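Please keep the sequence and the model at hand while reading.

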Amino acid sequence: MHHEVGQSAAVTVPRVVVNPTLTEELRAHLVDMWARVTNEGGAVGFVPPVTADDIRPTADRSFERVRQGADALICLVAPNHEKNRESVRTDDRLGSTESAQYERVGVPGTDSDNLSSRGISGPLADERVVAWLLLAQSESLLRRHWRTVYRVQVDPEWQGVGLGTSLMAAAATYAKEVLGLEALTLMTRSGTGAERFYKRCGYREVGRIPGAIRVGPNDNRDEVHFWLDL
Ligand SMILES: CC(C)(COP(=O)(O)OP(=O)(O)OC[C@H]1O[C@@H](n2cnc3c(N)ncnc32)[C@H](O)[C@@H]1OP(=O)(O)O)[C@@H](O)C(=O)NCCC(=O)NCCS
């Protein structure tokens, strides 16, 4: 079972889907996006140049955690005929997800999750994921009142029109209303602009480990820890 957030239909805007079935096709698409995002300078666990083959083993570990129900996969999906961000009105951001109601609530990551159950003929037959992130549950039983946001990425073709902001808002809504969480945390490397993005999404910096991330020779970045009370 997946979960959806309805959107107002004045313009075509991507909508939220949580825990779609991770078919081979969808896995390949997410890995491909991850590689393109990285090669365009995105900070998602790798440094360019990368290929899908470089990313797949890491991605498969994340996808397995989603399948087991430990992590939640939050996606924005757009109709296939919408090719890129030109089809999204920049003044009509998806901030409405904050107040939107989830139409259905179920157990994330179960095998019963599938897109065809809501009338789409085959996985992503008419739609594709244009942005996604994961909400990871801690292994520790003492740390189950919050989750870690990771792999945040918007397809390069769709960046800069508000989808990243909308995705973060959808994740917070899902975390609070469906998962019953009290907070979200995330880590990012310094010097990418991501810090500013997360602050704009309401997160506050709560820690910084100097030079913990080595992205290249003589190029160590701080690991910056952010926190959002829900
Ligand atoms: C970072 C990312 C998720 C933001 O998504 P997006 O859809 O492009 O961002 P939005 O359009 O919602 O932008 C929201 C605001 O953040 C700002 N912003 C977004 N990315 C930024 C960046 N890298 N540096 C500085 N500011 C940024 C935008 O200018 C915008 O500000 P505004 O409201 O004044 O216009 C997206 O650009 C991305 O996927 N980047 C590559 C992957 C990555 O680095 N992820 C972060 C991992 S920690």
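A residue is called buried when its relative accessible area is under 20%, with only the protein chains taken into account. By that criterion, buried residues account for 52% of the 230 residues in the protein, and the model to which this value applies is a predicted one.

**Fold**
- The protein contains four helices and eight strands, and, read from the N terminus, these elements follow the order β-β-α-α-β-β-β-α-β-α-β-β.

**Ligand site**
- The ligand sits in the largest pocket, where 22 residues surround it, the closest being Val-154, Gly-162, Gly-164, Thr-165 and Arg-200.
- By residue class, the shell around the ligand is made up of nine nonpolar, ten polar and three charged residues.
- Strand S5 (146-154), helix H3 (163-178) and helix H4 (194-200) each contribute at least two residues to this shell, and H4 gives the most, with four residues.

- On the backbone part, a backbone N or O atom of Ala-43 lies 2.9 Å from an oxygen atom of the ligand, while a polar backbone atom of Val-152 is 3.0 Å from a nitrogen atom of the ligand.
- Of the 900 Å² of accessible area that the ligand has on its own, the protein covers 76%.

How values were computed: Residues numbered from 1 in each chain as written. Predicted model: local features only at pLDDT ≥ 70, side-chain atom pairs only at ≥ 80, totals over all residues. Heavy atoms only, no water. Near = heavy atom within 4 Å. Polar contact = N/O pair within 3.5 Å; in protein donor to acceptor, adjacent residues only side chain to side chain. Areas by Shrake-Rupley, 256 points an atom, 1.4 Å probe, with all protein chains shown as cover. 1 Å grid on protein atoms, 1.4 Å probe; cavity = no way out; pocket = protein on both sides within 12 Å on 5 of 7 lines; lining within 4 Å. Sits in = over half its atoms within 2 Å of the grid points. Nonpolar A, V, L, I, M, F, W, Y, C, P; charged D, E, K, R; others polar. Buried < 20%, exposed > 50% of the residue type's maximum accessible area, 1.4 Å probe, protein only.
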